Amino acid sequence: MNTTTHFGPVGFSAGNGDEMKRGWGWAGALFVAGWVWTGCGSGGDTTGTEGLDIPPSEFPQAPEGDAGTPDAGTLDSGTPDEPDAGEPDSGTPDDDGGTPDSGTPDDDGGTPDGGPVEVPLPTPSAANWEFFGREAGGPRFVHGVSADASGNIWVAGGEEGLFLMKKGERTFRRYTMAEGLRPYGYMPDGSAPPGPKYLKVISVAGAWNDTVFVGYEGMPGDGALHCENNWDSNVPDPARYKSGDADRVSLRADGTLDVVHYDIFSGPNVVDAELRGREKLCNIWRIAYDAKTNSVWFGANHGFARGDADYRGDPTCNGQFHCWGVEEHSHPGINAYIYTNPTADRAQYGEDRSRWRVQPALLTDAYWGLGVRPDGDVWVGGANRTTRYFYGTVANDFWEGQTRTESRAYAWNRIDIWKDAVGEENYSRPEQRTDDLVSGIAVVGTSAWVGSFGHGLAELNDSGQVVRTLKNELAAPHVASVAADPANGSIWAGHSWGGGLSRVRGGSVSHYGLSVLGRELSSMRVPDIQVDRSGPRRRMLVAFQGATLSDGTVMPGTIGIYSGD
């Protein structure tokens, strides 16, 4: 876990491990990890144009921060954990549903070699469903599933790599760094960074025929060793700060891969307040492809970015505009307070948190929500706020979109879906916040359906106003993924802590739980739901992640494919 805190906007720093373990008073108290940053710039705030982190001759940057990502949890003999009312966990989601260690990965990228004993997983027999798991050569843990325009199914398999089931086949083939995956960027001269390499595929999004975009998690580590922190630390290590990011992966006719890497960073002299360059985004939680604007959107730790979908790559570009292939980054961050020493204050004041000491920070992290609108704008949601990122409607100008998300005049576009007691203009304390914890966004017509790891579902209208919320109507309040069904406009929601799936159709909600999925699958986290539109009839693709049981054995993940109404 991260043990160093950089506070803004005043620009001083303090390290406190207890603060990082406990986060900032998350509503719903999910298992969450958090980092706080003054960030990419050297001061200011996000209330005016002076606070934007965009290229030279535009504006300098704002202080920035992280607000944590939910842990996948650990299952006890196949039964989902109940959400804890206590304190957040200290790590990001790991393959086994637990917390990654902070050690240095092996040179082979941490690929499991044998691993723990796996529990046999019975295959459910349900009308209109097919399931593909380990018996079909799938990964132990499933982080995401998608289909390209050819109908090939691709699976984000964590440390085991990327998996492919070609159209018409019923078994998976596996791809790792040995086959060309590149979960790390380039040094200025185009060479690979020295040191060990870490492979963990955590997201995937289908594109045109035989092509997908693949997102990686950066090398794990605490404090200065974390991939987000390392560039700005006193122990910079290219193996860490160049880890993660994303690839475009295309399948050749002979079964090999053509891979282009998106090195999501800014090079020297690109951003005014960070002339040496910046390396912040490394964990790519979600990816969305938009053919209309030729864009690939990356939802990540700390912020989000855009890439040119047909970028051909340039290893020696070093993050310069003429050869970059990406535009990074933006975020609807808010200025607020965080606790500075909760351990000491708890001992002195008990649970009267209004007396705990605080310091200011700008909160931004965990952009799991990406929903592309028909007009090329994008709904983006994170741990604290959601924004309509104006892109297609402003002539595909990423930096104008940033202005309309981060500047003072657009405070209305930093949308607080599950309302805090105090608005951003007054610097809320942790106990005054109800963090949104967005897990996914699906667009249907003029509506955006937003899932939350803690609060269920919310429907936003075209202006970003909350039309309705659903929580008790769902199989569980903890939503880990959301997808819109093109067959009928219904909304699919996958749950985190048991319950399987909920489906919203108009004013009714149906559930796919124990009777359809069986005990094992209905207890698993559902981290991703996507749509295969390649055939005459759409197919809903559902990722059941898998989990580690209390005795250390593994209940492996499965891909579910639904083709019914």
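How much space lies in the largest pocket? About 1,000 Å³, in what is a predicted model.

## The largest pocket

A pocket here is an open set of points on a 1 Å grid over the protein atoms alone, where a 1.4 Å probe fits, with protein on both sides within 12 Å along at least five of seven lines; lining residues have an atom within 4 Å of a point. Volume is the space filled by probe spheres set on the points.

The lining runs to 43 residues, and Ala-288, Tyr-289, Gln-530, Val-531 and Arg-533 sit nearest the centre. Strands E6, E10, E14, E20, E23, E27 and E31 each give two or more residues, with E14 giving the most, at 6. Strands are DSSP runs of E, at least two residues; helices are H or I runs of at least four. By type, the lining splits into 23 nonpolar, 11 polar (Gly counts here) and 9 charged residues.

## Helix H5

Along H5 (residues 514-522), Val-516, Leu-517, Gly-518, Glu-520, Leu-521 and Ser-522 are buried, meaning under 20% relative accessible area with a 1.4 Å probe, protein chains only. These buried residues pack against strands E5, E29, E30, E32, E34 and E35.

## Confidence

Mean pLDDT (the predictor's confidence in each residue, from 0 to 100) is 84 for the protein chain, with 80% of residues at 70 or more. Strand E7 comes out highest at 99, while helix H1 is lowest at a mean of 25.

Residues are numbered from 1 along each chain as its sequence is written. Local features need pLDDT of at least 70, side-chain atom pairs need 80 or more, totals for chains, interfaces and linings use all residues, and side-chain values use heavy atoms, without hydrogens or water.

Conventions:
Buried means under 20% relative accessible area, exposed over 50%, partly exposed in between (1.4 Å probe, protein chains only). Contact means heavy atoms within 4.5 Å.
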